[in-house]
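Have a go at each task before you read on.

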Amino acid sequence: MAAIVPASPENIERGARILKQGGLVAFPTETVYGLGAVAFSPEAVARIFEVKGRPRFDPLIVHIASPEMVFSLWSKLHPKVEALIEKFWPGPLTLVLPKKETVPDIVTAGLPNVAVRMPAHPVALSLIKMTGFPVAAPSANRFGRVSPTKAEEVARDLKEKVDLILDGGKCELGIESTVVLVEEGRFFLLRPGALSVEELETVVSKVEMTSPRRILSPGMTKKHYAPTLPLYLFEGGAEEIPILTLKDFAILSPFPLPADSQNIVVLSQKKELKEVAGNLFASLRELEKSSFRGIIALPVEEKGLGRAIMDRLRRASSGVVRVEKGRVVFVDK
Ligand code: TXA
Ligand code: MG
């Protein structure tokens with residue numbers, strides 16, 4: 001059974017020893033907690049799939065502690081990729097490029113490409129550095145659950161099954177990295193995330209939404225981030241929101257509402273998307289412990305970080321809710 005320990009230098013060293021021996025260590029990043037194993041150890045990586053209950057067709061992101069570590073993973077680079085790395089690493093950007101033969105197939109689910117990112121978190125960086133190898137790490141949740149942004153949430157999902165949980169407090173960004181496939185100098189968005197397309201396009205001229213061959217991120221199954229309470233996405237105008245105040249449903253609102261009621265959960269009092277993203281997963285996990293029958297989530301505009309927020313809400317949802325002739329109507333997916 002895993003100990004949940006503060007991410008002190010001694011415990012990070014202990015984590016590195018466990019990783020080198022083929023164990024599994026959960027650690028904080030700036031996005032969400034990751035569940036790590038040495039990427040070059042197929043046996044250790046196999047255990048990640050096992051403990052998460054994750055299907056083998058869903059490849060893992062490999063985490064590195066310095067840009068130079070990509071040379072052990074990617075077989076080729078591109079000048080525009082170097083510019084992205086220069087600007088956004090360490091940070092919430094995952095780049096997918098052709099892999100070296102030495103990268104185990106289990107990491108990439110047999111795909112010819114490997115996803116890599118350098119996290120902007122001192123604990124993650126020092127753990128990887130002390131381990132001396134790239135660390136394959138999906139989010140540290142059971143498959144199909146909301147990604148954990150706190151060590152206690154990792155423990156709730158996986159405590160019995162991992163070797164160590166390093167507690168580094170709440171993850172600052174709270175939403176996963178943006179995943180971009182690089183193919184022949186073109187850039188395709190595989191998963192919207194904490195780094196917005198608008199920011200990426202300050203460095204590369206265009207990020208395309210899907211590739212011509214429709215290569216999707218295999219992990220992007222339609223329903224993926226599921227809270228255990230049914231979540232319905234509200235489709236309608238602001239003037240209809242007061243009609244929604246069904247007492248047994250929580251209203252998850254990005255920003256403060258004119259009305260105030262026990263069942264309204266506001267994600268950002270400051271009205272900032274960054275704060276909405278940062279609190280989203282933690283609030284969903286909190287609501288799961290409540291006595292509400294379900295959650296009604298109000299949308300944000302699909303711009304900047306709003307794209308990733310709406311992507312996660314859609315994936316978490318069981319359906320939509322509308323107001324028709326003054327009545328609240330739930331429509332399941
Ligand atoms: O912020 C994050 O990205 C977090 C932290 C721990 O770094 N990690 C994370 O990993 O969210 P995971 O496994 O939950 O999501 C990885 C995503 C999946 O959608 C997966 O399909 C995609 O990245 N992916 C990984 N390798 C890929 C590859 N070779 N080709 C295409 N997509 C890939
Ligand atoms: Mg995940």
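**Exercise 1.** How many helices and strands does the secondary structure of the protein chain come to?

*Solution.* This is a predicted model, in which local features need pLDDT of at least 70, side-chain atom pairs count only at pLDDT 80 or more, and totals for chains, interfaces and linings use all residues. Residues are numbered from 1 along each chain as its sequence is written. Next, recall that helices (H or I, at least four residues) and strands (E, at least two) are DSSP runs, numbered from the N terminus. The protein chain has 9 helices and 16 strands.

**Exercise 2.** Find what percentage of the 333 residues of the protein chain count as buried.

*Solution.* Start with the cut-offs: buried means under 20% relative accessible area, exposed over 50%, and partly exposed in between (1.4 Å probe, protein chains only). By that rule, 57% of the 333 residues are buried.

**Exercise 3.** Where does Glu184 lie, and is this residue buried or exposed?

*Solution.* First, locate Glu184: it sits in the loop between strand S9 (178-183) and strand S10 (186-191). Then look at its backbone: phi is positive, about 45°, although Glu184 is not a glycine. Finally, Glu184 counts as exposed because its relative accessibility is 81%.

**Exercise 4.** Which residues does a cis peptide bond join?

*Solution.* The bond links Trp89 and Pro90, with omega about -5°. Pro90 is in the loop between helix H3 (79-88) and strand S5 (93-98).

Notes: Chains lettered and ligands numbered in written order. Heavy atoms only, no water.
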